[in-house]
Amino acid sequence: MARPSLSEFGIANFRAIFELQGVPLRPITLLFGPNSSGKSSFLLGLQMAEALRRKGDDWFELFLNDQLEGVRKPEVGDRLAFLHDPEAALQFLCRFPVSALELTKESLARDIGLDKLPEAWVQILRHAVAETSVVGIAWWYHLLDPTRRSQEFPGVGHEDGALLLIGGSATEYEEAETIIGPRVLDALEPYFGDSPGHAAAFQEARATLAGGGERPKLGDSVWPFTNVPVERTLPVPGPGLFKYPHLSRNRRGELAESPVITKVWNNFALTFLLLKAAVIGAFDGQTKGMYVLGPLRSVPPRLGGSSDASEAGGDAWRRLVDEPVLRSEVGDWLARLAGEVGPLTPQLVIEGPEVPRSALPAKPLAESLQPVVQQFLSGYLSAATEDSTQLHPKASELDARVIASQWAERIRMTELGENRYTLKLLRGNSQRAVVIRDAGLGMSQLIPVVVGLLGNNGTIVTIEQPELHLHPAMQAEVGDLLIESALGRPQNLIIAETHSEHLLLRIMRRIRETSTGRNTRLDLPVKPDDVSLVFFEVVDGKPVVRHIPLDDRGMIARPWPGGFFEEGFREIFA
């Protein structure tokens, strides 16, 4: 699965962040900075944007109801306390490489809610952005219910809007029609070839773009879906695109055909609306499966493999029980970690019956389980005879039917949330199993990070403080884990808020080793463009985002804000 291609995300008027702050995103994006500088606000803002988009027209319900089916509600408190200024709009921004946009008639039709879209519109869009590297969209909400607005915030508007962005500027909204407008007109003109006066109309339109003259704004033209045929197919571009809006009254009050120039601007505006739909469709698609892991991950229960899934990392323990392949992969990573930093944990094991519930036959559960139990008993008796301490005192008397019935009851209890599976760690070569919560708080905080990074593929993964409660040597290993998740098989886009210089130093070391041909540990080349290093700081009471580039030696290419880390880095890399 391909890695998400979101190259920038920004937010304004959300918690600590007031003015629009855009963060460049790469396969590995690290957010540094002091407390209360906006790092967590940024991560929550991305979750907020995803939730608002999924709620659509009912987005205000997001702030009225604690539980919403199918939508993960960000932890931002009740009502509108998360707004920096309650009388201002909540703003978002996203950008994508043009090469990553899905410009097909099927995807565009889906994004704008039609059954079909003529291929001609796809060709026009592709021609329009062919010489552009980045395209984005900025949109905003006034998060006030109209029925309450007049009472709580008199005079505050409720309009929502969106603005197409062309280019890589983070905070300045350049007029998209000025940049790609001429190419849009070039692509549209062939569809007006049979219209009298079309050449003069297009010449006038080009002159208007070049001279900055008056022209319809991108939202002013009539959105034609009210006149779309029953099968909801947008007509081909050209003078006949709009059937009714092109009729106007002349000075004598008679209905007359709209001028060709009006038809040109209508087609022009629709092209940009389709392009905005493509960008917001890409954002919706890439954030829908976003994996979020907050700080203070939940500790697994002593009995059972899961905890409250609503808690940070709570789903990790259930996944380790339900997904043997993932459990093995996480165990292998922990074993590799043990070899690097000391005698920690070579294997992650599960105690209790392991039966994939989705594979059970549609007949009485105990009956279905009986042959599985018989096979289990055969293997158990053979393996246990080598170590009498592991042998059940009445092993020869065990009845497969009784055990099958017990297993069936355990599975039913699992479905009811009363799980009796237990996840344990085998320590060293002693084969002595230790419950995870007894292995130290650091391990219980680390394992959900490993599950999130290795158990998701082609996903946006956001993590707060992946180094929580870890020894510095293990923090450095998490740096390698980020590389493996982003640049290896999982192909995730990772945004991590961290305070760990050890984690950063490991990634910088891998960049330097790649440039000298010595990065053999992971066999994954790491280049400066794979990492976005971002520093949040407060200037004059407002959060400011600083992007800090890295060079081929893994060194920061400009001074770290405030001199923090700088001298230490120079000494290490001298």
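Trainee: Which residues does Ser500 touch, not counting residues up to four places away in sequence?
Mentor: Ser500 touches Phe32, Glu467 and Gln475. Keep in mind that this is a predicted model.

Trainee: What does the side chain of Ser500 make a polar contact with?
Mentor: The side chain of Gln475. The distance is 2.5 Å.

Trainee: Is Ser500 buried or exposed?
Mentor: Buried. Its relative accessible area is 2%, and buried means under 20%.

Trainee: Where does Ser500 lie in the chain's layout?
Mentor: In the loop between strand E14, residues 493-497, and helix H14.

Trainee: Which strands does H14 lie across?
Mentor: Helix H14, residues 501-516, lies across strand E3 (28-32) and strand E15 (531-539). H14 runs at about 140° to E3.

Trainee: New topic, the sheet. How many strands form it, and in what order?
Mentor: Six strands. The order is E9-E13-E14-E3-E15-E16. The sheet is open, and its pairing is mixed.

Trainee: Which strands stand at the edges?
Mentor: E9 (291-293) and E16 (542-547). Each has a single partner strand, so one side of each has no neighbour in the sheet.

Trainee: What does the twist average from one strand to the next?
Mentor: The twist averages 15°.

Trainee: Back to E9. In what sense does E9 pair with E13, and over how many bridges?
Mentor: In the parallel sense, over three bridges. Strand E13 covers residues 460-464.

Trainee: Which residue in E13 does Val292 stand opposite?
Mentor: Thr462.

Notes:
Residues are numbered from 1 along each chain as its sequence is written. This is a predicted model: local features need pLDDT of at least 70, side-chain atom pairs count only at pLDDT 80 or more; totals for chains, interfaces and linings use all residues. Side-chain values use heavy atoms; hydrogens and water are left out. Two strands pair if DSSP finds at least two bridges between them. Helices (H or I, at least four residues) and strands (E, at least two) are DSSP runs, numbered from the N terminus. Axes are lines fitted to C-alpha atoms, for helices over the stretch in contact, and angles run from 0 to 180 degrees between N-to-C directions. Contact means heavy atoms within 4.5 Å. Buried means under 20% relative accessible area, exposed over 50%, partly exposed in between (1.4 Å probe, protein chains only). A polar contact is a pair of N or O atoms within 3.5 Å; within protein, one must be able to donate a hydrogen and the other to accept it, and residues adjacent in sequence count only if both atoms are side-chain atoms.
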